[in-house]
Amino acid sequence: MPGQIFFLIVAAISVISALGVIFNRNVVHSALFLLLNFGTLAVFYFMLNAQFLGVAQILVYAGAIVVLFLFVVMLLGADLGESVDTWLNSRNLLLIALGLVLLTVVGTAVFENTIFGAADETTMEVVEEFGQTQVIAASLFTDYLLPFQLVAVLLSVGVVGVVWLAQHQQRQRFRRIIAVLDSTWAEETQRPNPDLLRVNWLRRKALFDFDQVEIIQATDHQVEELVTMVENDTDSWRRSRYRQMRCLVDPDCKLSEDTVRMLRHTFGEVKNLVHKGVMA
Amino acid sequence: MIGQVPLSYYLLLSAILFAIGAGGVLIRRNVIIVLMCVEMMMNAVNLTFIAFSRYLDSTTGQIFVFMIMAVAAVEVAVGLALLVELNRHKDSVNINDFNSLKG
């Protein structure tokens, strides 16, 4: 019986800390509750004679993953919490009910399972060597050698991927993207300097995150196409930026009054392009 | 002392933890919390694997958990890198703001 009482105490801590992760407004507190949750699971692993995995659990989850979470929280700012009323609404109550249904289904499956009865008898005998690191290692390096190596490949790919993502983001940070409407221009993009990217909108005919629009040589129809697309943009982040955006129009490009009015309506500032600069 | 806890206790506990994790994924809109809840669900499954491996006297379950841990570590690293990138781009961690692929 002392074993069961100990189990129930640790299980209670585990469930409470799991609830703490969800029902906490502060992301840092959530991460610390997650740490507690991982710790209790390590205790269970030790109780189940899985010493190697218990230590691995503490090292990998508590040591690496939670620290990574905390690091990202620090990086993005800790005040990322939602207010309670945004997540305790009727839709979420329905979802909580769905979670309870899931729990009921799984719980019933556990109690209906024939293993339930049979396994209780095997609980008493403890195989002396079971779960020891040597046994795991022997199995890992003979029967499961290929999966083990594949995991190593996966880890390497993961490292390369994350490094690439981090570099990519640094390269993009200072870049300004200009959407250019110029029918005399054949290329797709042009990069006059590392911080500036000019994209030929007439070839792309789609919306992307540009910071400025330049109309060098285009018909009224093409400009209208751009304006229609911008007006129908569903991306809220981009929508908020169009009103502050600058639109430069080459005086040589003969646009009708209506088109210019439309541009004024859509973009924050419509000006004449003074010098052709990088295009020349 | 340790061998006296029935298997069903472990299975039920991991079911509860899995349900809490799934509920968290559904109700929380903060991407960081959602990732944490995914981790919690994975841990619940790990507990099932280890409990079964103990009660069926087979180390296969533990090997599985070992692999899952490696995959989880990669998943968190890539997921958080993507999140940082998304946050740069959209200045938000609310999962409802990341809907540009919705079409």
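Along its sequence, chain B of this predicted model follows the pattern α-α-α. Its secondary structure amounts to three helices and zero strands. Chain B touches chain A through 64 of its own residues, which meet 77 residues of chain A.

**Chain B as a whole**
- Chain B has 103 residues, and 52% of them are buried.
- Of the contacts in chain B that link residues at least 6 apart in sequence, 48% are between residues at least 24 apart.

**Where chain A meets chain B**
- The contact between the two chains involves 77 residues of chain A and 64 residues of chain B.
- On the side of chain A that touches chain B, at least two residues come from each of α1 (2-22), α2 (27-47), α3 (51-76), α4 (84-87), α5 (90-112), α6 (114-122), α7 (133-142) and α8 (145-173) of chain A.
- By residue type, that side of chain A consists of 57 nonpolar, 17 polar and three charged residues.

**Helices α1 and α2 of chain B**
- Helix α1 of chain B covers residues 7-27 and helix α2 of chain B covers residues 31-55.
- The axes of these two helices come within 8 Å and cross at roughly 165°.
- Angles over 145 degrees count as roughly antiparallel, so α1(B) is roughly antiparallel to α2(B).
- The crossing of α1(B) and α2(B) is left-handed.
- Where α1(B) contacts α2(B), the residues divide into 20 nonpolar and five polar, with no charged ones.

**Asn49(A), a residue with positive phi**
- Asn49(A) lies in the loop between α2 and α3 of chain A.
- Its phi is near 60°, which is a positive value in a residue other than glycine.
- Asn49(A) counts as buried because it has 23 C-beta neighbours inside 10 Å, and the cut-off for buried is 20 or more.

**Asp57(B), a residue with positive phi**
- Asp57(B) sits in the loop between α2 and α3 of chain B, where α3 spans residues 60-90.
- The phi of Asp57(B) is near 55°, again a positive value in a residue other than glycine.
- Asp57(B) has 13 C-beta neighbours inside 10 Å and therefore counts as partly exposed; a residue with 12 or fewer would count as exposed.

Notes:
Residues are numbered from 1 along each chain as its sequence is written. Chains are lettered from A and ligands numbered from 1 in the order in which they are written. This is a predicted model: local features need pLDDT of at least 70, side-chain atom pairs count only at pLDDT 80 or more; totals for chains, interfaces and linings use all residues. Helices (H or I, at least four residues) and strands (E, at least two) are DSSP runs, numbered from the N terminus. Two residues are in contact if their C-beta atoms, placed from the backbone, lie within 7 Å. Ala, Val, Leu, Ile, Met, Phe, Trp, Tyr, Cys and Pro count as nonpolar, Asp, Glu, Lys and Arg as charged, and the others, Gly among them, as polar. Axes are lines fitted to C-alpha atoms, for helices over the stretch in contact, and angles run from 0 to 180 degrees between N-to-C directions. Angles under 35 degrees count as roughly parallel, over 145 as roughly antiparallel, 65 to 115 as roughly perpendicular and the rest as oblique. A crossing is left-handed if the near helix is turned anticlockwise from the far one by less than a right angle, and right-handed if clockwise.
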